[in-house]
Amino acid sequence: MNRPLASDFPPMRLFLLLGEKREVALVAVLVALVLFTGSVRPAFLSTQTLKDVLLNVAIVSLLSAGMTGVMLMRHIDLSVSSTLGLSAYAVGALFVAHPHMPIMVAMGAGIAIGLAAGAINAAMVVFGNVPSLVATLSTLYIYRGADYAWVHGGQVNASNLPTRFAGLGTASLLGVPVLVLIAGAVLVAFSIYLGQFPGGREHYAVGSNPEAARLAGLRVGRRVAIGFVTSGAIAGLAGVLWLARFGTVDASTGTGLELQVVAAAVVGSVAITGGVGTILGATLGALILGVISISLVVLRVSPFWEQAIQGLLIVLAISSDAALARALARRLREKKRHG
Amino acid sequence: MAEQIGTTPPAARRSLHLRWEWILVCALFGSLVLGRVLSPYFLTSDNISDILAGITELGLIALPMTLVIIAAEIDLSVASVLGLSSALLGVLWQAGLPMPVAIGVACIAGACAGWINGWIVVRMGLPSLAVTIGTMALYRGLAYVLLGSHAVANFPGAYTDFGINDIGASFLPQPFAVLFVAAAAFVLLLHATTFGRAVYAIGTNAVAARFSGLDVARTKLRLFVLSGLLSAVAGVIYTLRFTSARGDNGQGLELSVIAAVLFGGVSIFGGRGSLGGVLLSVLLVGVLRNALTLYDISSDTLTIVTGLLLLSSVLVPNLIARVRAVRDQRALAAAH
């Protein structure tokens, strides 16, 4: 029985290694993308491009971190874009009414709105037994509709906002835009929480097998609720950052963003079936999508291709993830059989 | 006996289900009364014709979506297929193809788009939610690639009249006839054929269905093809009704379709639901929207109504079941 295993061949080994360290594969894709665009248009490789990419990606990657926390538990939160829109307009309106409001209060207000929106989602999913797809699809509509009813065709402009607040979107600290620093801090904190803290590990346990998690004494409902509330709070914060970056907000702010967020997470190897994925992966997914979007502009490809490419990437990402998972399972079986 | 508490017995479940369709009938009647109260124009034949024309696309896509959801899958790409077929129709007509050929190609393209969805779901064994989120972006993107931000509007009058005129002297719009025929065919397919029974069996328990000798993969594949085909037909009708082929036609419609299907009493977990309920719910959504629009509420604000309908479709039966479980428990305790 000394026949070599299929998984011992070098190319297969590499494939399996990528399966275990998905983030490595994502970084490789990212580097390849940057090098390709850079080789065609050398001007692409500049710190300005880097800044643009980071600024463009900051908000999406924040949202996709919140989404990861939810997706890990086999749930989904489609309402993030509506929550973002609501929070952005609400904070804008607050600034119009109280121009001297401190920035910290503005952020607190945005996060509070997000917390409330997330709590409603959590209540429906945990207490109402409504599947999260249905619950958050409903609130996607309801929050957005409430936004329209409230705003009534109005708009907040950059001229209504204090310059120190707009500075969040334009100012830099040590060359890094402040907005990116804020997003980065949240991402790192949430990533450490998911990776190192018992509460964070519960997200994985619940997603891998909810029934086993319950029998092991985990409070599954509470954990799911925390996931939705966190996702809401992050969307609220993202709304404030959106307002700071773009200055102009109306009732349609952020419409359709939820798909980009899910796309980033899925491309970043966060499994929609739960239990698998990291914040780092989701962030890399958002970066890949962001780099592609800027590359298309730099390469003078029609921007109409962007969405098609994004869609193709999602399909490719989930297909290759599935193929990898299958190959890994096969190797485990072979190992078992050969002792 | 103790383990029976908390799970709804089958008989009670069926009566609950029947009751849901009656709730829909009452809600429909209520919204008709509401519409009459809000606007004297509401019950005119012109307005009823408007309502029926307005639900054509929603209804056409809701038909296969009902089957897809009963089979415990989902198709989020339907509105993108609508946009893709609309854009394709515009491009082909502009390129000088005769209208019947262009319409045929657009419909076949839709069926192919559905087949791709089904093939990935069935062969790769991936969740349809993830797959169709991807193809939703892909197909919409292809529609943009085809037409960019242009619109094609110079369709021949004979065809655009179809989108506007009524059947003979009645108040039934011509596109509604397409929905009527399609609905009849789907009702037969789901409720009177072995294929339809297979759809329920697969949605209830796919593994058991496979061990019973049903070809689960092929049935699911066919459902996705039907979904793509009907979405493309809806795209052609949409284009003719508004005399405008655009890449962004029907954006966001997938959510309204799913909302209408679930509000029609179809379980998101598969295995349960009927086309009767879904058709009632499509009609109800059309009537409510129209009534509130006549009352001068903007369509953007109306999304609240769609959201509330969707939510209540799951929340209300859940609450009824919970109340009933508590009542049963009390009755049992009293008996002891």
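Two residues are taken to be in contact if their C-beta atoms, placed from the backbone, lie within 7 Å, and helices are DSSP runs (H or I, at least four residues) numbered from the N terminus. The model on display is predicted, so that local features need pLDDT of at least 70 and side-chain atom pairs count only at pLDDT 80 or more, while totals for chains, interfaces and linings use all residues. Residues are numbered from 1 along each chain as its sequence is written, and chains are lettered from A in the order in which they are written.

Begin in chain B by selecting helix α2 (residues 45–54), where L52(B), A53(B) and G54(B) are buried; a residue is buried if 20 or more other C-beta atoms lie within 10 Å of its own, exposed if 12 or fewer, and partly exposed in between.

Keep α3(B) and α13(B), which pack at an angle of about 150 degrees with their axes 10 Å apart (axes are lines fitted to C-alpha atoms over the stretch in contact, and angles run from 0 to 180 degrees between N-to-C directions). That angle makes α3(B) roughly antiparallel to α13(B), a term used for angles over 145 degrees. Show side chains for L58(B), G59(B), A62(B) and T66(B) of α3(B), and for L275(B), V278(B), L279(B), V282(B) and V285(B) of α13(B), which together make the contact.

Next, select helix α5 (residues 99–124) of chain B, whose 26 residues reach 37 Å from the first C-alpha to the last, close to the 38 Å expected at 1.5 Å a residue (the expected span is 1.5 Å times one less than the number of residues).

Now display both chains and select the interface, where 39 residues of chain A are in contact with 38 residues of chain B. On the side of chain A that touches chain B, α6 (132–151), α12 (257–267) and α14 (305–337) of chain A each supply at least two residues.

Finish in two loops of chain A. R74(A), in the loop between α3 (47–71) and α4 (80–97) of chain A, has a positive phi near 65 degrees although it is a residue other than glycine, and R74(A) is partly exposed, with 18 other C-beta atoms within 10 Å. R300(A), in the loop between α13 (279–298) and α14 of chain A, has a positive phi near 55 degrees and is exposed, with 9 other C-beta atoms within 10 Å.

Terms used: Angles under 35 degrees count as roughly parallel, over 145 as roughly antiparallel, 65 to 115 as roughly perpendicular and the rest as oblique.
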